[in-house]
Amino acid sequence: MKRNLFVMLFAFSILSLKAQVNTSADITVDELRVHIETLASEEFAGRKPGTDGDKKAANYINTQLKALNLTPLYDNGYQSFTVTTSLSIGENKFRCNNYDGEVGKDFLPVSFSSNSSIEADVVFAGYGLCVDEENIKWNDYTNIDVKGKVVLIMRGAPVYDSSGIFNNYTSLIKKAYTAKDKGAAGVLFVSGELFEKDDSFVPLTYEQGQKPVGIPVIQITRNCAEQILQYFDISLKAIEININEAKVPNSFDVGNKVAIQTEIVKNSVATQNVVYLLKGEDPILSDEYIVIGAHYDHLGMGGKGTGSRVPDTSVVHYGADDNASGVAAIIEIIERLKNSGLKLKRSIIFAAFSGEEMGLLGSKYFVNNSPVELNKIKLMFNLDMVGRLNEQTKGLSIGGVGTAENLKEDLEKLSKNFDLSIKFSPEGYGPSDHASFYSKNIPVLFFFTGIHDDYHTHRDTPAKINYEGEKTVSDLICLLIENYANRTESLVYKESGPKEQPETRRSFKVTLGIMPDVASNDIKGLRADAVIEGRPAFKAGMLKGDIIIMMDGKPVNDIYEYMNRLQEFKIGQRITVEVLRNNEKVLLVVEL
């Protein structure tokens, strides 16, 4: 009984500790620890947007800020928005002759399929490849007409390719775009036995920024494929073997029809940024703002499609460093700014963002629905993974120092008394929330203590945080905010694009030299968030904010179709790029 009573009292003390509001005038190790242990707890279950853990984290942050008597922006401090988190199957049909397939068993739509219903003739197009490389030329579309027809395509590539050149052409979305460019009305994918014995489907998963390709695309089993090929005296397996042994395409009209209907439903959930204001006291400069932000979302329980580096392990991904550490720091910083007694001239906006792990969604939503005029935001501080300062090297990275005049020189002077080895980087772009502000011509500073083996795994726990190190980093950031909040002159924005071209996740022979907007779903095309000086797009006259809608006469609807187009071009080639600029079409000639 005494033991049970002790356990109950201990549990109650922990809950009380998590619930308490800290309002001291100093940034303390103990308070940083409480915030991180709370946000990165089992109870908050990885803080995936739209989950109970997400709401609990937002409520915890909100409670801390309410106690400081800050001014809530939006509804009680919550800036609500929705995010798409998954896809589900709607009304889907596959029919060939008198055979009706069962969705999920005999066929399944592909995640980038358009919702549509068609009935059309079928053409077999081998591996669906169109390759024109120096040492490999392969075109499955040479002797067939697929316009207005459904194309049956095998997954994978001819097995003789030891050089790996086909690897850039074998993705399902690449093959679907190729078929669409040839005029196909729909695509059927099937796995040959040499490619995959299990005859399984690619799961229906949602990728941020991905849009439908414009035609229905489904996967079918080999049994369904045999239904389509029933008028031939050759099986799919024999066709696959023949193509691989002969090392030449074998495409033909099937002489059969299919009727298919596809419907994919996007499932959206509600989430929220937490946004508060500390009003400045200068009658003029209080109308200018400094934003201090950090994302509080993480990967939830992990699993495939979440970004986890251990996708087969579905357990709580605590996200102590990524990014409970950043949120804890900004809570402590805003608390110190409020309670220190120092009068600030400019106003400070506190923003805890959701949806960062899904493509900077919360910060994008913030800048597109800002509570203040964007040109009045003079500097944005972003803290992402600031909890693992190496005790030996004391290494801290500060990015964005080239996004305003004299910013680096100022930082070097202000940070010289801190026991930190600071690496400065000029680029305003980066894979975190400051990029959303930089894209709107706002100077940014990005603070980061470095990557580690626990990144995006369940091993990123509070026990591994260097709390003393995080306090040092937080003290520095607080000093910087105080300094810039009280300067008479405002910072002057300066574009500082990335040194390396960040257009895609994969390596291409050619690039335009832009920083693409990979998160927006509200536009048709691909917006250039930045155009890098001296690169092909810049030389052709492309401007920041231009929306690419056509490349060499072929449509560009999203980042995936843009990547597909890039693969088609060669260094030295001259292409046309059509963009939307202020709702007017502008044609550019680009020398690659």
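This report covers model confidence, the surroundings of one serine, and ring interactions.

The model is predicted, so local features need pLDDT of at least 70 and side-chain atom pairs count only at pLDDT 80 or more, while totals for chains, interfaces and linings use all residues. Residues are numbered from 1 along each chain as its sequence is written, and side-chain values use heavy atoms, without hydrogens and water.

The mean pLDDT (the predictor's confidence in each residue, from 0 to 100) of the chain is 90, and 92% of its residues reach 70 or more. Over residues 499–507 the pLDDT is below 50. Where pLDDT is low, the predicted coordinates should not be read in detail.

A polar atom of the Ser-113 side chain lies 2.9 Å from the backbone nitrogen of Val-217.

The whole structure holds 11 aromatic pairs (ring centres of Phe, Tyr or the six-membered ring of Trp within 6.5 Å; planes under 30 degrees apart are stacked, over 60 edge-to-face, the rest tilted).

Phe-353 is buried, with a relative accessible area of 0%, and Phe-366 is buried at 0%. Phe-446 and Phe-448 are buried too. Ring pairs also join Phe-124, Phe-232 and Phe-252 into a cluster.

Terms used:
Polar contact = N/O pair within 3.5 Å; in protein donor to acceptor, adjacent residues only side chain to side chain. Contact = heavy atoms within 4.5 Å. Buried < 20%, exposed > 50% of the residue type's maximum accessible area, 1.4 Å probe, protein only.
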